[in-house]
Amino acid sequence: MDASERLILPLDVGSVEEARDIVARLSGAVSFYKLGPWLLLARGFEKLLDDLQAAGNRIFLDTKGCDIPETMRAGAAAAAARGIDFLTIHGNADVTDEAMAATVAGKGASKLKILVVTALTSIGPGDLERTDGAAAVVENLVVGRAKRALACGCDGVIASAREVAAIRAATAARPFLIVTPGIRPFGSGLDDHKRAA
């Protein structure tokens, strides 16, 4: 597989103009873009999405859905109808197994892949102690959520590169995608990521 098909570039900028500038500068080197909350509400988002798809780019819509089953199903159906490639939902306890399964059902026979966010890469062991009420090993949490995503029929997960080997070992039953955020060149800043690579 060509590296440009494996690299997903986040367009985490505040305006459509900034996003278009990045896309123009990286044309030919990148063909898969993540569109998240910063851009979803920006003026001109709809046209940006149309233009990216018309140029043959793949789209990762990072909405991190977390809602009741029918809302999740309808969201996936809308993303599938728009030709989105990847859609994220949360894998925390607020999203029930029924909601995960409904999201999968919502995509129908489309190319849309449903990816579960296991644990944000901004979360470290100290954060889990505060949020879960007890010390927890991040890798155990991530692997548990990956196994749950697999059981609910999701296509893959979002997880730190540090947890990929453990996820692969736990989900070897069928093909399973792992998208790894927080990848940084040596010597660069980590921004908000605590589990970067």
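1. The crossing of H2 and H4 is left-handed, a term used where the near helix is turned anticlockwise from the far one by less than a right angle. This is a predicted model, in which local features need pLDDT of at least 70 and side-chain atom pairs count only at pLDDT 80 or more, while totals for chains, interfaces and linings use all residues. Residues are numbered from 1 along each chain as its sequence is written, and side-chain values use heavy atoms, with hydrogens and water left out.

2. Helix H2 (residues 16-25) and helix H4 (residues 45-54) pack at about 15°, their axes lying 10 Å apart; axes are lines fitted to C-alpha atoms over the stretch in contact, and angles run from 0 to 180 degrees between N-to-C directions. H2 is therefore roughly parallel to H4, the word for angles under 35 degrees. Helices are DSSP runs (H or I, at least four residues), numbered from the N terminus.

3. On the H2 side the contact (heavy atoms within 4.5 Å) involves Val16, Ala19, Arg20 and Val23, and on the H4 side Phe45, Lys47, Leu48, Asp51 and Leu52. Leaving aside neighbours within four places in sequence, Leu39 is in contact with residues including Val16, Ala19, Phe45 and Leu48.

4. The structure holds 0 disulfides, a disulfide being a pair of cysteine sulfur atoms within 2.5 Å. For Cys154, this is because the closest cysteine sulfur, in Cys152, is 6.0 Å away, too far for a bond. Cys154 counts as buried at 0% relative accessibility, whereas Cys66 is partly exposed at 37% (buried is under 20% relative accessible area, exposed over 50%, partly exposed in between, with a 1.4 Å probe and protein chains only).

Terms used
Helices (H or I, at least four residues) and strands (E, at least two) are DSSP runs, numbered from the N terminus. Angles under 35 degrees count as roughly parallel, over 145 as roughly antiparallel, 65 to 115 as roughly perpendicular and the rest as oblique.
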